[in-house]
Amino acid sequence: MIYVFGGVNIDFLIKIEDKVRMYESNPSKITLKAGGVGRNIARAIGNFKTCELISAFPNHLYENIIKDLNKHNVSTKYSKIMTSSKNSIYVDVVDSDGVVLGAADMSVIDKITKDDILKVAPLTSDEDIIVIDTNFSYDIVKFILDNTKGYKVLDAISSKKLEKVKDLVGCFDLVKVNSFEYEIIKDIKTKRVLLTTGSGIKIIDNNKERVSISHRVLKAVNPNGCGDTLLGTYLANMDLGDFDAFKLAIVASAASSQTDEAVPTIKEIVKMNESELDIVWKEL
């Protein structure tokens, strides 16, 4: 079983029609979609395998997100569902040049307590995969680490959020970061780092780069969720071996970039033409 401990939110995606003009109104298209790193990773896993999402849902506005997750092999049995908490929101502003600004209010995740973790932690085994995102506080991340069994995975999310738990990084079997986040942990002894570069992936085992994977980047319809889809798809297919699992993860991530949703459906992944991505695997 794969257990995902992470955030769920509603994404406000603001697409400015041209380049952003500061201090004035910009003609835009604004959409609301289900999001959150924990939710996205779990939803990506659900394309291939069942998984358990442990998160905090603020109120009834999130009922449709729960229904969609349950429909796609993601159980929310051990999530905390509240009736009178403020919303969990992520705002992403994009213009013709790419991402301009991202802003998140994930404070609702603080409603998850150690008692909530203990409802699911005893169910874990050495054969399981435990995924944690850095929306949680240091104490909760450490508590999950100390009280669960299995292959431990950390998603950095952002430099600021990774900074607070960087002394725990060495306890994880896999840490996913981008180039900015890697600067924070590059001198820490790690087992495996999955470094996304925008145009590829570097697999770093025991602080030594072992594999470089390059690929063509498609112009994104929606930049949200591509990295989450990559990680979730890889974790769900690790039993295929790194070569096939990462190729499939790159295809799924590319499919994510071409849909308005943060995570593509399995049909959208199958429709993506792998040859169009020019994936090159290089062992170092």
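Colleague: Is the crossing of helix 1 and helix 7 left-handed or right-handed?

Modeller: A crossing is right-handed if the near helix is turned clockwise from the far one by less than a right angle, and left-handed if anticlockwise. Here helix 1 passes helix 7 with a right-handed crossing. This is a predicted model, where local features need pLDDT of at least 70 and side-chain atom pairs pLDDT 80 or more, while totals for chains, interfaces and linings use all residues. Residues are numbered from 1 along each chain as its sequence is written, and side-chain values use heavy atoms, without hydrogens and water.

Colleague: At what angle do helix 1 and helix 7 pack?

Modeller: Helix 1 (residues 37-46) packs on helix 7 at about 45°, and their axes are 7 Å apart. Helix 1 is therefore oblique to helix 7 (under 35 degrees is roughly parallel, over 145 roughly antiparallel, 65 to 115 roughly perpendicular, the rest oblique).

Colleague: Which residues of helix 1 and helix 7 meet?

Modeller: V37, N40, I41, A44 and I45 of helix 1 meet D228, T229, L231, G232, T233 and A236 of helix 7 (contact means heavy atoms within 4.5 Å). By class, six residues of this contact are nonpolar, four polar and one charged.

Colleague: How do helix 7 and helix 8 cross?

Modeller: Helix 7 (residues 226-236) and helix 8 (residues 242-257) cross at roughly 150°, and their axes come within 8 Å. The two helices are therefore roughly antiparallel. The crossing of helix 7 and helix 8 is also right-handed. On the helix 7 side the contact includes C226, L230 and Y234; on the helix 8 side, F246, L248 and I250 are among the residues. The residues in contact divide into nine nonpolar, five polar and one charged.

Colleague: Which residues touch the most other members in the largest nonpolar core?

Modeller: In soluble globular proteins, nonpolar side chains tend to be buried together. The largest nonpolar core here has 43 residues, of which V4, L53, F57, I65, V131, I201 and L235 touch the most other members. Helix 8 gives the most to this core, eight residues. Apart from it lies another core of 34 residues, F5, I54, I109 and I132 among them.

Note on methods: Axes fitted to C-alpha atoms, helices over the stretch in contact; angles between N-to-C directions. Helix = DSSP H or I, 4+ residues; strand = E, 2+ residues; numbered from the N terminus. Nonpolar A, V, L, I, M, F, W, Y, C, P; charged D, E, K, R; others polar. Core = buried A, V, L, I, M, F, W, Y, C linked by side-chain atoms within 4.5 Å. Buried < 20%, exposed > 50% of the residue type's maximum accessible area, 1.4 Å probe, protein only.
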